[in-house]
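Subject: Structure handover

Hello,

Here is the structure for your files. My notes on it follow below.

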Amino acid sequence: MNRTTLSLLAATTALVAVTGFAALTAPDGGDGTTVASPARLPVERTSLLCPAPSVSDVAETTYTSFTPKGTGAASGDDAVDSAGLKKASVSVADTDSGDTKDGKGGKGAKDDDKKKGDAAKEGSSQASTDGSAEEEKPFISVKEPGKPVSGKASGAESPALIGTATGPLAPGWTTQQTTTIDIGGARGLLGLSCTAPDTDFWFPGASTDRSRHDYVHLTNPDDTAAVADLELYGKDGKLKSEVGEGIPVPARSSVPVLLSTLTTGAAADLTVHVTTRSGRVGAAVSVADDSAGSDWLQASAEPSGRVVLPGIPADATDVRLVAFAPGQEDADLKLQLAGPTGTITPAGHESLHVKAGMTASVDLADVTKGEAGSLVLSSAQAGRATPVVAALRVVRGKGGKQEIAFIPATGAVSSRATAADNRSKGSTLSLTAPGAAAKVKVTASAGSEGGEPAEKVYDVKAGTTLAFTPPVPSGLKGSYALTIEPQSGGPVHAARTLALTEDGVSMFTVQAMPDDRGTVLVPKAAEDLSILDGRR
């Protein structure tokens, strides 16, 4: 076989591994047989983006990065396998439309907003413009599959991070940033699974209410600038805004955009649509509530006629559902709660009507009634499944001890999903099987500073949510990662809750666990590869 054929095959495999999906219609061999068929192989490259975690001087952030063990991609002949995250510069979005929120949140909130802008300007002025940032050593770097690594940062100087994993470190690579702020209006446990770059994101559950300070963080991993558009949809449709269009995101930079600067009106429940005109970005929404703390809101799964929002804590005191129908048709949704013993319809909240292009919301109060569960949304009309996006705002505690978290609609785990940064105590894993029963393997990795992996197989009954304390590595030192792998049965949706108590406040954060997309479909090499150089 000549080298041209081999190079072509390698290039084809690398291309689809980077882009994430490829389908091949195999040519007919002439006798009705196919020459080649697609095969599923590990990805060779994965990118992750982490926005700046906080501007609070008392914030403590831990970044934890991990690649699960498994069948990794082969190393290139001349490549150096790596999985590292480097610091990104922070720029200020030019969206100031004047003082449209006079008096919002009081002096403390205004000071926090000003501080975020000042920190962004400082980060931008310190960033190199000659591309030398790429030569910096990684802030955090995975050395081997199966062992997490952690890095820490304090105060407003905690950086935004941009990184890429290659070779056997790429499949399933994940990074978690966990921030603790134990005093002030931004108090909370903020958790975020760093995102992959894309061109389209939906965020139901955002707000421009006077008690809220929501920022969309746009992070550009590439060496050329990206241009993004932000659209806001309220209960009456799209909000008028000119400053949300054409927001530049400089190369290898992160840009926080305060949502209240994009419109003159306050809205309690919004859906934010992030798209790019050029380039690609990672996107996430940081939320600070004057009375209920702070956390991250991550993007909803792609619009679907049936969505699952997994991992509502048993002791939730208030749950609010926000949904949006992005198409041209209204959606009539049936609401169901998958609990530990089966699926029920919450009394008084059997359905929700969502008008096309408008945000709908409903307060479900303490819907779990002391038993952990997951919300399942499906069409209330047979044969008519209008795609929607959705998210939950979840509150634990009462009065001055309230704490919030967000749960977006989450896709099923087809092969594998991972949540990093678990501690010896405080983690709860939720597995939901909205259809048929399922069997799921859960693996606790080695600790970041020591400890032996542990694994266990769990049975999830049909139509239920199984919430439990996951296995912990024996002799654990440091933190560890949890990886789930469905073994058999129906679709499984998953989430991890991390909780800790500070001064009597039960702070918590929930991370959805979608499939890690660690494999892609690529052309399977035929027994006779002469097809690639035209000899067949």
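Six of the six residues of β9 are buried (under 20% relative accessible area, with a 1.4 Å probe and protein chains only), so this strand is largely enclosed by the rest of the structure. Strands here are DSSP runs of E, at least two residues long, numbered from the N terminus. On one face of β9 the buried residues are Gly188, Leu190 and Leu192, and on the other they are Leu189, Gly191 and Ser193.

The model is predicted: local features need pLDDT of at least 70, side-chain atom pairs count only at pLDDT 80 or more, and totals for chains, interfaces and linings use all residues. Residues are numbered from 1 along each chain as its sequence is written, and side-chain values use heavy atoms, without hydrogens and water.

β9 pairs with β8 (residues 174-181) in the antiparallel sense over six bridges; pairing requires at least two bridges found by DSSP. Thr179 has Leu190 of β9 as its bridge partner. In the hairpin of β8 and β9, six residues lie between the strands, and Gly184 takes a positive phi near 90°.

These strands belong to an open antiparallel sheet of four, ordered β6-β3-β8-β9. β6 (149-154) and β9 (188-193) are at the edges with a single partner strand each, so one side of each has no neighbour in the sheet. Six bridges join β3 (residues 60-66) to β6, and Thr62 is partnered with Lys152 in β6.

Elsewhere, Arg212 in strand β11 (residues 212-220) counts as buried at 4% relative accessibility.

Regards

Key:
Buried means under 20% relative accessible area, exposed over 50%, partly exposed in between (1.4 Å probe, protein chains only).
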